[in-house]
Amino acid sequence: MNIKEELRKNKVYIIVLIVILVLYIVVAFLSIKGNHDGNADSYLIVGDSLIYQKVNGDFEQLGDVPDLSNFNFTVYNGDNKVEDVKIQYNSNKWYFFDDDYNEYEFDDFRIAYTDNLDIKPSANRIQGYDDSDDVYIKKVVQTDNNEALQSYRNSLKKLDIDYDGDGKEETLYTITNFSYEVTDYDMIAYLFIVDNGKVEVVESKEGLSSFTMIDSLDMMSDGKYEVIVANEIIDVPTFDSCYRIYGLKDSKFKLLQDCDVHNTQNG
Ligand SMILES: [Ca+2]
Ligand SMILES: [Ca+2]
């Protein structure tokens with residue numbers, strides 16, 4: 001074997017090495033990018049009856065609970081953030097465990113998400129009715145029917161949120177007069193904002209329909225809080241309820257994502 005032949009062989013060897021190295025870097029980069037984009041299995045659980053899978057940057061609502069036994073979750077129990085939690089769903093409730101399968105006692109479960117996501121729940125929590133809300137309810141529903149007013153009060157959820165991004169908080173309300181009892185008035189649900197005493201109805205829906213505010217989170221990790229609202233024919237949300245995502249867009253509080261339920265099992 002002459003020196004020329006030897007050099008040629010070495011050259012081929014080096015080129016093959018470089019090609020393998022470049023391929024390795026490309027594959028590693030794509031897999032890291034995939035994780036950042038949420039293309040790996042990414043799940044967000046909000047309360048006891050809502051689960052999203054993040055697919056290509058979008059939050060897709062799942063109509064049932066997939067097998068989550070292999071995932072580590074970050075859990076918010078109230079304001080308390082707990083990492084590396086295993087979760088199980090059983091009898092309409094989530095159960096939480098550490099690595100040794102000791103159960104956590106979480107009494108204020110808000111959200112859980114897989115390690116590859118970065119979600120922040122809002123510091124403000126959703127609250128129920130108090131007397132000061134009456135003036136706004138009456139402005140919106142314009143009724144003196146006491147039975148109807150009481151239904152609105154019972155259903156009321158409200159959240160202080162800076163919806164227009166001006167640094168001052170407004171209050172977002174959901175109310176409905178939906179009732180299981182036979183009633184002599186038309187069913188209607190409202191989503192409205194009170195801004196410095198001024199009432200603005202974002203949406204109203206007639207018929208067997210209710211709006212129920214579920215929680216407020218920064219899902220898109222852009223520093224602004226989104227609000228999840230269940231829009232359902234009954235007032236008890238379930239996994240296959242219609243969950244809508246509202247938030248600030250073009251300086252307006254509006255619907256960002258309508259409900260679109262995907263089933264993981266049975267097609
Ligand atoms: Ca504001
Ligand atoms: Ca956001």
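Modeller: Two strands pair if DSSP finds at least two bridges between them, and strands are DSSP runs of E of at least two residues, numbered from the N terminus. This is a predicted model, where local features need pLDDT of at least 70, side-chain atom pairs count only at pLDDT 80 or more, and totals for chains, interfaces and linings use all residues. Residues are numbered from 1 along each chain as its sequence is written.

Colleague: Ok, how many bridges join β5 and strand β6?
Modeller: β5 and β6 (residues 93–97) pair in the antiparallel sense over 5 bridges, and Q88 has Y95 in β6 as its bridge partner. The two form a hairpin with 2 residues between them, and S91 in the turn has a positive phi of about 50°.

Colleague: And which residue in β5 is the bridge partner of Y76?
Modeller: That is K81; β4 (residues 73–77) and β5 (residues 80–90) pair in the antiparallel sense over 4 bridges.

Colleague: Switching topic, what is the order of strands in the open sheet?
Modeller: The order is β9-β14-β15-β16-β17, with antiparallel pairing, and the edge strands, each pairing on one side only, are β9 (120–121) and β17 (252–257).

Colleague: Last one, which residues is V227 in contact with, leaving aside its neighbours within four places in sequence?
Modeller: Taking contact as C-beta atoms, placed from the backbone, within 7 Å, V227 is in contact with L159, I161, L172, M213, S216, Y246 and G247.

Technical notes
Chains lettered and ligands numbered in written order. Contact = placed C-beta atoms within 7 Å.
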